Amino acid sequence: EIAARLAEFVRNGGRLWADGHTGFLDEHVFLKGMIPGFGLDEVFGCREADFIAARDCGTAEFPVYRHIQYLEPVAGETIASRDGMAVAVRNRYGKGIAEMWGTLLALGAIRGGIDTDALMARFALENGAIPAAEVTPAGTFECSRLTGREADILVVSNRFGVPAEARIALPEGGKPECLSGQTIRVGDGEFRCDFAGGETMVFAIRN
């Protein structure tokens with residue numbers, strides 16, 4: 001049922017991103033004969049050709065975590081390859097687009113310190129996502145935003161364990177304030193603040 005809803009979502013113009021071994025088990029936790037299963041091979045325009053263990057062999061184009069899932073494009077186009085074989089495929093399905101990356105990127109981002117932001121953010125931004133705020137350097141900081149009548153609240157976190165400076169874009173006329181008590185430096189169209197490793201701070205941008 002979930003796979004059918006995903007297919008309908010993409011067919012009607014949605015955008016879908018997935019990483020390695022999506023839909024590889026059935027409802028009884030048995031390995032599917034076709035991976036991705038449940039008809040998702042048609043949505044992603046590819047099927048699994050091989051699945052191998054791999055460590056410390058990723059590149060900027062294709063970061064690897066634990067395994068590589070080689071893909072056989074059927075209707076989709078290869079957008080990343082390794083050793084002459086497809087490892088990422090993009091497919092137009094109905095009115096929408098589906099993209100599959102053949103490694104455990106989401107798990108790597110959570111457990112292994114794999115930087116997947118360039119891949120995930122690219123897909124999201126290309127398909128209409130609007131970032132909560134423009135914070136650089138990209139990939140170092142996470143940001144959430146609460147919007148109010150008199151001010152917006154930004155919650156910004158340093159994702160890594162080393163100090164870093166955040167540069168946060170300011171809307172025209174915006175007046176920033178750090179509610180966490182740290183000093184900020186306001187410049188042309190942005191403000192800056194120094195973060196310790198892993199630190200989270202809260203900012204108000206008043207209208």
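Figure 1. Three bridges join β12 and β13, which pair in the antiparallel sense. Strands here are DSSP runs of E with at least two residues, helices are runs of H or I with at least four residues, and both are numbered from the N terminus. Two strands count as paired if DSSP finds at least two bridges between them. Gly-187 has Glu-190 of β13 as its bridge partner. Two residues lie between the strands of this hairpin. Gly-189, in the turn, has a positive phi of about 75°. This is a predicted model: local features need pLDDT of at least 70, side-chain atom pairs count only at pLDDT 80 or more, and totals for chains, interfaces and linings use all residues. Residues are numbered from 1 along each chain as its sequence is written, and side-chain values use heavy atoms, with hydrogens and water left out.

**Figure 2. Four strands make an open sheet.** The order is β7-β10-β13-β12, with antiparallel pairing. β7 (135-136) and β12 (185-187) stand at the edges; each has a single partner strand, so one side of each is left without a neighbour in the sheet. Two bridges link β7 to β10 (residues 164-169). Here Thr-136 is partnered by Arg-167 of β10. β10 and β13 are joined by six bridges and also run antiparallel. Within that pair, Ala-164 stands opposite Phe-195 in β13.

**Figure 3. Strand β13 has two faces.** In a regular strand the side chains alternate between the two faces of the sheet. Which residues of β13 are on the covered face, and which on the uncovered one? Phe-191, Cys-193 and Phe-195 make up the covered face. Glu-190, Arg-192 and Asp-194 make up the uncovered one.

**Figure 4. Phe-195 belongs to the largest nonpolar core.** A nonpolar core is a set of buried Ala, Val, Leu, Ile, Met, Phe, Trp, Tyr and Cys residues joined through side-chain atoms within 4.5 Å. Buried means under 20% relative accessible area, exposed means over 50%, and partly exposed lies in between (1.4 Å probe, protein chains only). The largest core has 17 residues. Val-156, Ile-168, Phe-195 and Phe-203 have the most contacts inside it. At least two residues of this core come from each of β9 (151-158), β10, β13 (190-195) and β14 (200-206). A second, separate core has 15 residues, including Leu-16, Val-43, Cys-46 and Leu-71. In soluble globular proteins, nonpolar side chains tend to be buried together.

Figure 5. Contact means heavy atoms within 4.5 Å. Leaving out residues up to four places away in sequence, Phe-195 touches several residues, among them Phe-141, Val-156, Pro-163, Met-201 and Phe-203. Phe-141, Phe-191, Phe-195 and Phe-203 form one aromatic cluster. The whole structure holds three aromatic pairs. Rings of Phe, Tyr and Trp (its six-membered ring) pair if their centres lie within 6.5 Å; planes under 30 degrees apart count as stacked, over 60 as edge-to-face and the rest as tilted.

**Figure 6. Glu-99 is a buried residue of strand β6.** Find Glu-99 in β6 (residues 96-101). Is Glu-99 buried or exposed? Glu-99 is buried, with a relative accessible area of 0%. The side chain of Glu-99 makes a polar contact of 3.0 Å with the side chain of Arg-90. Another polar contact, of 2.9 Å, joins the side chains of Glu-99 and Trp-101. A polar contact is a pair of N or O atoms within 3.5 Å; within protein, one must be able to donate a hydrogen and the other to accept it, and residues adjacent in sequence count only if both atoms are side-chain atoms. Beyond four places in sequence, Glu-99 is in contact with residues including Leu-16, Phe-44, Arg-122 and Phe-123.

**Figure 7. The loop between β1 and α2 holds Val-29, Pro-36 and Phe-38**. Most residues other than glycine have a negative phi, and most peptide bonds are trans. Val-29 has a positive phi, near 65°. Val-29 counts as exposed, at 60% relative accessibility. Phe-38 also has a positive phi, near 60°. Phe-38 counts as partly exposed, at 41%. Lys-32 lies over the face of Phe-38, 4.4 Å from the ring centre. A charge sits over a ring if NZ of Lys or CZ of Arg is within 6 Å of the ring centre and within 35 degrees of the ring normal. The peptide bond from Ile-35 to Pro-36 is cis, with omega near 0°.

**Figure 8. A cis peptide bond joins Thr-136 and Pro-137**. Its omega is about 5°. Pro-137 is in the loop between β7 and β8 (141-147).
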